[in-house]
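Please consider the following note, written for a reader new to protein structure.

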Amino acid sequence: MINRRTFSKALGLGAAAASLAGPGAPAASAAPRSGPEAPAAAAGGSGTLASFPRLKQVRAGLLNVGYAELGPAHGPAVVCLHGWPYDIHSYVDVAPLLAAEGYRVIVPYLRGHGSTRFLSERTFRNAQQSAVALDIVALMDALKIDRAVLAGFDWGSRTADIIAALWPERCKALVSVSGYLITNLQANLKPLPPKAEQTWWYQYYFATERGRLAMQDQTLRHDLTRLVWDDVSPTWDFDDATFERTAAAFDNPDYAAIVIHNYRWRLSLAEGERRYDGVEKQLAARPVIEVPTITLDPERDPFTAPGNGASYRDRFTGKYEHRTLKGIGHNVPQEAPAAFAQAVVDVDHF
């Protein structure tokens with residue numbers, strides 16, 4: 001089990017985290033945590049104690065993907081996927097914890113973020129769910145990773161859910177914050193209760209020309225994304241430097257186009273591409289996820305649905321556990337890194 005001592009030791013290694021587990025180090029076993037609720041992490045992921053080593057780049061599918069890699073090269077693989085408005089640093093404290101357990105940890109920048117770039121200027125800057133999921137499949141192919149534990153939140157949860165549902169042979173196990181997030185375009189046309197609609201204010205802002213222009217403006221983009229951080233993580237006491245480190249990833253030349261297309265596509269206000277129609281048809285059927293799964297609900301995240309995971313429980317048909325993280329907001333891996341890392345280790349031993 002990842003305890004306070006392990007957590008402090010891993011973080012204390014700071015920038016040397018890449019050598020936490022040298023080549024050939026065995027993966028440690030861990031006993032699953034009992035009970036439906038997991039405590040918050042021993043530390044809050046301020047971002048001041050750890051940083052990634054030099055990033056790597058690899059051509060994968062339509063992209064040249066920037067990614068961090070920690071842990072032994074031949075260890076069991078874990079792919080950690082970030083959301084919006086975040087970047088790979090959501091996992092800056094999780095990755096060394098998993099590397100210390102013997103895992104090969106891959107943390108990629110999604111399309112439009114950080115050092116990830118499109119290979120062609122002619123490629124449509126598409127952020128529909130299937131395109132992003134296939135980016136990760138292509139990344140695994142490029143890195144010669146046949147199967148991995150997939151773990152994510154926000155866009156990352158959706159991406160991991162899709163791969164687990166449609167290509168289970170690539171997903172050994174799954175950690176999904178907020179459960180089953182595969183987008184159903186027809187369902188998204190139906191209005192939500194007013195309080196829920198208010199929470200999604202930026203989604204509607206991005207549907208307007210003003211919203212698009214705001215995302216293109218560096219100052220407005222900076223202030224808008226900082227506001228989202230404050231709103232959706234009300235108990236997280238992060239400092240300015242932690243946010244600025246992530247905000248640097250938003251200077252990607254395709255960032256605005258990717259973000260705007262993602263939210264407009266989800267509201268059926270923007271077209272996808274025909275090349276993904278077959279995958280989207282499968283996703284519209286709400287396929288079940290059969291791989292071993294732990295779902296995490298952050299208690300203080302305004303997007304967390306009531307019911308302790310009941311609304312999506314029927315979508316997971318394999319070995320399954322649900323955990324509620326008390327006092328934690330939306331950015332789970334950075335707010336509760338020990339609890340997130342523990343979920344990865346536990347689900348891998350289901």
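1. The side chain of Thr159 comes to 2.9 Å from the backbone oxygen of Trp155, a polar contact (a pair of N or O atoms within 3.5 Å, where one must be able to donate a hydrogen and the other to accept it; residues adjacent in sequence count only if both atoms are side-chain atoms). Thr159 belongs to helix H4, residues 155-166; helices are DSSP runs of H or I with at least four residues, numbered from the N terminus.

2. This is a predicted model, in which local features need pLDDT of at least 70, side-chain atom pairs count only at pLDDT 80 or more, and totals for chains, interfaces and linings use all residues. Residues are numbered from 1 along each chain as its sequence is written, and side-chain values use heavy atoms, leaving out hydrogens and water.

3. Thr159 is buried, with a relative accessible area of 2%; buried means under 20% (1.4 Å probe, protein chains only). Leaving aside residues up to four places away in sequence, Thr159 touches Leu81, Val132, Ala133 and Ile136, where contact means heavy atoms within 4.5 Å.

4. Helix H9 spans residues 218-232. Its buried residues are Arg221, Leu224, Thr225, Val228, Trp229 and Val232. They lie on the same side of H9, because they cover an arc of only 145° around the axis, taken from the directions from the helix axis to the C-beta atoms. Their cover includes helices H7, H8, H10, H11 and H13.

5. Asp217 caps the N-terminal end of H9, with a side-chain oxygen 3.0 Å from the backbone nitrogen of Thr219.

6. Of the 350 residues in the protein chain, 57% are buried.

Note on methods. Helices (H or I, at least four residues) and strands (E, at least two) are DSSP runs, numbered from the N terminus. The expected span of a helix is 1.5 Å times one less than its number of residues. Buried means under 20% relative accessible area, exposed over 50%, partly exposed in between (1.4 Å probe, protein chains only).
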